[in-house]
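Hi everyone, thanks for coming. Please have a look at the sequence and the model on the screen, and then we'll walk through them together.

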Amino acid sequence: MQGEFFLHQIILSLFSHPGIVKIYDKCLDGSPKYFIMEYVEGITLKKHILSKGALPKKEIFDIVKPTLSALAQVHAKGIVHSDIKPHNVVVLADGSIRLMDFGISKPLPKRIIDLGDGEEPAEVAIGTVHYVSPEQAEAKPLDGRSDIYSFGVMMYEMATGMLPFDDERPVSVVMMQIHDKPVPPRRIDRKIPRGLEAIILSAMEKNPKNRYQTA
């Protein structure tokens, strides 16, 4: 666990971006080892959505633009975040954002999900099933386009106040991410602009080749 913490902090130390939590100082050679990090006071985007429901278009873009800028720097360093979700975006009082939690930004291990009696076990990459990309769910090699899919899911939730795929059983959500098309956002709320819907659905294409190729 301590090793994962230090890997997380080392990854953070690679970045210099206003949308990514800053590392001010570190000591990895001495004892004790330490990092001095930026103190971030705000609420997660997930809590913000839960308290407000679907967000207005302007607020969505005010959050999306700096978060995508931060994600672009992550990818420019050759790193896949692998856990993009609204729980890992903090909204500060001044409206700025910080992208957090690079804990699984590395080659992903696999784990077995227990499907219950009468079903076959499936291997999936560690992540959060409601936001995981199809290729991550199938434990395939990842690149930045996997984060773009997860970002599309996050935008879907911001626009509609709902998750595109949900079920009580995590494995069912995994299978939906791999095989099912999301309900178009405008079927949920006709006030959502067509352009915003097109962005979300393009980001959430099952085949990475059909998504936006860069943040």
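Let's start with a pair of helices: α3 passes α5 in a right-handed crossing. A crossing is right-handed if the near helix is turned clockwise from the far one by less than a right angle, and left-handed if anticlockwise.

A quick word on what you are looking at. This is a predicted model, where local features need pLDDT of at least 70 and side-chain atom pairs count only at pLDDT 80 or more, while totals for chains, interfaces and linings use all residues. Residues are numbered from 1 along each chain as its sequence is written, and side-chain values use heavy atoms, with hydrogens and water left out.

Now the overall picture. The protein has eight helices and seven strands. Both are DSSP runs numbered from the N terminus, with helices being H or I of at least four residues and strands E of at least two. Of the 215 residues, 46% are buried. Buried means under 20% relative accessible area, exposed means over 50%, and partly exposed is in between, using a 1.4 Å probe and protein chains only. Among contacts with a separation of 6 or more, 59% join residues 24 or more positions apart; a contact means heavy atoms within 4.5 Å.

Back to our pair. How are α3 and α5 oriented to each other? They pack at an angle of about 170°, and their axes are 12 Å apart. That makes α3 roughly antiparallel to α5. The axes are lines fitted to C-alpha atoms, for helices over the stretch in contact, and angles run from 0 to 180 degrees between N-to-C directions. Under 35 degrees counts as roughly parallel, over 145 as roughly antiparallel, 65 to 115 as roughly perpendicular, and the rest as oblique.

Which residues meet there? From α3 they include I60, I63 and L71, and from α5 they include F151 and M155. By class, this contact has nine nonpolar, three polar and one charged residues. Here Ala, Val, Leu, Ile, Met, Phe, Trp, Tyr, Cys and Pro are nonpolar, Asp, Glu, Lys and Arg are charged, and the others, Gly among them, are polar.

Helix α5 has another partner, α2, residues 45–52. Their axes come within 9 Å and cross at roughly 25°, so α2 and α5 are roughly parallel to each other. The crossing of α2 past α5 is left-handed. L45, K46 and I49 of α2 meet M154, E157 and M158 of α5. That contact has four nonpolar, no polar and two charged residues.

Let's zoom in on S150, which sits in α5. Its relative accessibility is 2%, so S150 counts as buried. Leaving aside neighbours within four places in sequence, S150 touches I84, Y131, V132 and S133.

Next, helix α8, residues 194–203, whose buried residues are L196, E197, I200 and A203. They cover an arc of only 135° around the axis, so they are on the same side of α8; the arc is that of the directions from the helix axis to the C-beta atoms. An α-helix has 3.6 residues a turn, so residues three or four places apart point the same way. The cover over these buried residues of α8 includes α3, α5 and α7.

Finally, a backbone detail. Most residues other than glycine have a negative phi. S82, in the loop between α3 and β4, has a positive phi near 75°. A139, in the loop between α4 and α5, has a positive phi near 60°. Are they buried or exposed? S82 is buried at 4% relative accessibility, and A139 is partly exposed at 22%.
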